[in-house]
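Look at the sequence and the model that follow.

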Amino acid sequence: MSLVPYFAGPLADRIGRKWLLLCSSTLFIIGYIILMLGTVVWVLLAARLITGFGTGFTMTTAPIYVAEISTDNVRGATGSLLNLFVVSGILYVYVIGPFVSYQMLQWCCLAVPIVFTVCYFFMPESPYYLVSKNRKDDALKSLQFLRGQSLSGVQQEMSAIEQFLKESKATKGTPMDLFKFPGNRKALLITTGLLMFQQLSGIVAVQFNAQSIFANAGSSLDPAVASIIVGTVQVGSSIVIPLIADRVGRRIILLTSSSIMAVALAALGTFFFIKLNSGNVDNILWLPITALVVHNILFCIGFGSLPWAILGEMIAPHLKYIASPIATSMCYLAGFVAIFVYPFLDAMGTHYVFWIFGGFCVLAFFFSFFIVIETRGLSLQQIQNKLHAKKI
């Protein structure tokens, strides 16, 4: 799936953000139908490959689309909604999976892209994309729909979009442009770094191994119930970030998120270290679920949500189809590495797993402190000016 974004970027630039997202939804529908009907391994693997393409297309294109249709004062909130729906989908499966048959679970999953396709079909294309394709009339209609205003009410924003894209097109977007100009290099470094730290914060290992973690910890809670609790906490905390992203600022949220996640993972690692060496953890059986809940809350508030919002707003429009696939594919690669190495680290000692991921959270803190720039309340043009050290 880490290669899919390299197809998604050019396709989003060629056929549009809206139609690529609808194509992604179609891939999910096809994949889940095959999963229901398939009876042999290779068919199931093919279905997972198809849904993997759908995921790659969606996670590359959705942040771009959301950033381009949002107003400056709420872009952080709308961009962070992506993680809310991701964790809602995880909770959806956590709640349903243990209690229904395999076939019924596929039916439940199939319903989601069907509902999305029907609802999203009536949404407009990104006005930035339409202007870039010289479809000014369609762009005006899109803005009127999105802003709920008359033609005269969107003329000023339309002029700003046209001027922004005119300046962006002055330099044709090529892969070399990402590395030729310091501002573009910094944008790629920030977005790629944040998305990689997102996956290396331990969240992927926790999500994919939640039940086994609780079982290994000796918690008195049923592992399935514990997973549902963690999933519920993720959804609840993901609701918080849209309310504060455009009030508090991106950097302070990222710094808070990474530092507390590091503490939570250090505590979780210490629990398993004590369990391995003394075996007497009866007095701290509450620690695993407490640490994981704290970790999940701070992940969803910070590194789970904001990197996607920052990806959508920080890359220059003429470079999005080049840079976004790079950042997204590195995100998936980091997630794959986290999942792949988990069993080997766990075999060495479960405490090593959480201490190592906690170490990455410490690195994420310093990355956010020294590298990430604040974008709260800035227009897309102002963000580019800041990256290129121009006066805002």
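Which helices each supply at least two residues of the lining of the largest cavity? The model shown here is a predicted one. In it, H1 and helix H17 (320–348) are the helices that each give at least two residues to that lining. Of these, H1 gives the most, with three residues.

The cavity itself can be described next. Rolling a probe the size of a water molecule over the atoms shows where empty space is left. For this chain, the count comes to one cavity of 30 Å³ or more. The volume of the largest cavity is about 40 Å³. Around the largest cavity stand Gly9, Ala12, Asp13, Arg17, Ile64, Pro317, Lys320 and Tyr321. By kind, the lining divides into four nonpolar residues, one polar and three charged.

Phe7, Leu11, Ile15, Trp19, Ile114, Val118, Phe121 and Phe122 form a nonpolar patch on the surface. Together these residues have about 800 Å² of accessible area. Which helices each supply at least two residues of this patch? They are helix H1 (4–15) and helix H5 (102–120). The largest share, three residues, comes from H1. Val118, for its part, has its place in helix H5. H1 therefore has a part in both features: it supplies residues to the lining of the largest cavity and to the nonpolar patch.

Now take the chain as a whole. How many helices and strands are there in the chain? There are 19 helices and zero strands. The radius of gyration is 22 Å, close to the 21 Å that the globule rule gives for 392 residues, so the chain is as compact as a globular protein of that length. As for its extent, the C-alpha trace spans about 70 × 50 × 35 Å along its principal axes.

Technical notes
Residues numbered from 1 in each chain as written. Predicted model: local features only at pLDDT ≥ 70, side-chain atom pairs only at ≥ 80, totals over all residues. Heavy atoms only, no water. Patch = residues over 30% accessible without salt bridge, like charges linked within 9 Å, V, L, I, M, F, W, Y side chains within 5 Å. Areas by Shrake-Rupley, 256 points an atom, 1.4 Å probe, with all protein chains shown as cover. Salt bridge = Lys/Arg side-chain N within 4 Å of Asp/Glu carboxyl O. Helix = DSSP H or I, 4+ residues; strand = E, 2+ residues; numbered from the N terminus. 1 Å grid on protein atoms, 1.4 Å probe; cavity = no way out; pocket = protein on both sides within 12 Å on 5 of 7 lines; lining within 4 Å. Points joined across faces, edges and corners; volume = space filled by probe spheres on them. Nonpolar A, V, L, I, M, F, W, Y, C, P; charged D, E, K, R; others polar. Rg over C-alpha atoms; globule rule 2.2 N^0.38 Å.
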